[in-house]
Amino acid sequence: MAGFWGRRRREDEALAAQDADLARRAEQALVAADERIRTTSDELAFAQAELGDSLTADLGNALRSVRTHLGEAFQLHQLNHDEIPDTTEELRTRNARIVQLCEWAESLLDEKTGELAETVAKVRRAPEIIAQVRRDAQSLAARIPQARSTIERLSSRYSETAMRRIASSGDEAEQLLAFATHGADVSERRRAARQNEEANLALETATEAVRRAGALLDAVEDFEIQALRAESTLADVVADSRGDIVAARNAPQTPEVAKATGELEEALLALAPSGTRNDPFAELTQLRAANTALDDAIAKAQYRAQNPLPSLDHVQHALDDADRQLGVARGLIAGHRGWIGADARTRLAEAERLRMDVPAMLPAEDTREQALAAARRVALLASEALQLAQRDIDSSRPQNQGWGGDSWGGGGRRGGMGGGDIMGGVLGGLVIGSILDGIFD
């Protein structure tokens, strides 16, 4: 007994120490959060003077929200020190809430002041960024004549559909660079007028315009390399397709193989003659699709030749056997609900769920094999449910009360209506059903 009270006293002392520590943390967090509000308010005032109200609105909204919720924290702290006595649980709950509110306030102000710092840095670096925009625009403008020359040369080799992606790249790049230069000028004027939000917006659009112009000019230079690679790959795919057409003659002649072969032949005939302007990208895409379709059709036909599709009668026979076994298991479990455990019920529920999915698989040839496998799975689960249910029934029956050998005078053998004979007949029927199902495999 002394050990119990000693352990209880130590637990109370540990809990009191934790409460005292929580109270200290709450007071420290409250002081720190209040001081953080003061310093952040000063930062906001300086930022508003430099950036204006629009760019600092998020931090201002955050400060107002923090002040509102910190008022709740101060109120809770006041309740902890008023003349009304409080329980230990009330003090613990209030201090935990104070710590939570203060941590949230610190986190929110950290996030918003960080975002504002990035904006301030961007505004202060604006002259440097504007100068870089102008240098980049001048450098890219010098590449425009070469890009136009490249487009003109490639237009004599590739079709209009192939050239569509770069045909107007030179003109578009020139327009973007003119817009970028104008945006840089606007940004400078707005900054001089202390309209920092408009200045930032103009500078961002100018920077994006320069980036897009550079991407357009790079695409012109990359186009020729990509087109040559497409032509090389197209030659390989043409050779492979002709070989696939020859191989298709030796494959099982199914309607799908015949259709895919015809479509691949049409795709080959549709290729532009050698020496004419073509679109290697579109031709490669069309030929690859037709080639892949023929490969899939041949593979499916060969698989089907080695694995004949089960007939509807065969699948229906397996389904009838599954229904028969389901019915037996369902009847046994329903008649002994209080004795049946979770294992048997789980097997039966899974079998019934699978049984509901089988009819949708029957009509289509692609899913008929799945339907057969599902039907056999249903039968197996029903059989397992039946065996588990019988096990539960046997283990739940009272011993030596009309079921044992003494009552029937048979040395342990049950009578004609005993559970063993019932189970033997049921399992015998299931075995016969499985044998009959195997005859059709």
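Biologist: Is arginine 143 buried, partly exposed or exposed?

Modeller: Arginine 143 is partly exposed, with a relative accessible area of 26%. Buried means under 20%, exposed over 50% and partly exposed in between, using a 1.4 Å probe and protein chains only. This is a predicted model, where local features need pLDDT of at least 70 and side-chain atom pairs count only at pLDDT 80 or more, while totals for chains, interfaces and linings use all residues. Residues are numbered from 1 along each chain as its sequence is written, and side-chain values use heavy atoms, leaving out hydrogens and water.

Biologist: Which residue forms a salt bridge with arginine 143?

Modeller: Glutamate 221, with the closest N and O atoms 3.3 Å apart. A salt bridge here is a side-chain nitrogen of Lys or Arg within 4 Å of a carboxyl oxygen of Asp or Glu. Glutamate 221 is in helix α8 (residues 196–248) and arginine 143 in the loop between α4 and α5, 78 residues apart. Helices are DSSP runs of H or I, at least four residues, and strands are runs of E, at least two, numbered from the N terminus.

Biologist: How many salt bridges does the structure hold?

Modeller: 25. Among them, glutamate 72 pairs with arginine 97 at 3.1 Å between the closest N and O atoms.

Biologist: Which residues are linked in a network?

Modeller: Arg36, Glu106 and Asp110, through salt bridges.

Biologist: Now packing. At what angle do α11 and α13 cross?

Modeller: Roughly 20°, with the axes coming within 8 Å. Axes are lines fitted to C-alpha atoms, for helices over the stretch in contact, and angles run from 0 to 180 degrees between N-to-C directions. That makes α11 roughly parallel to α13, as angles under 35 degrees count as roughly parallel, over 145 as roughly antiparallel, 65 to 115 as roughly perpendicular and the rest as oblique.
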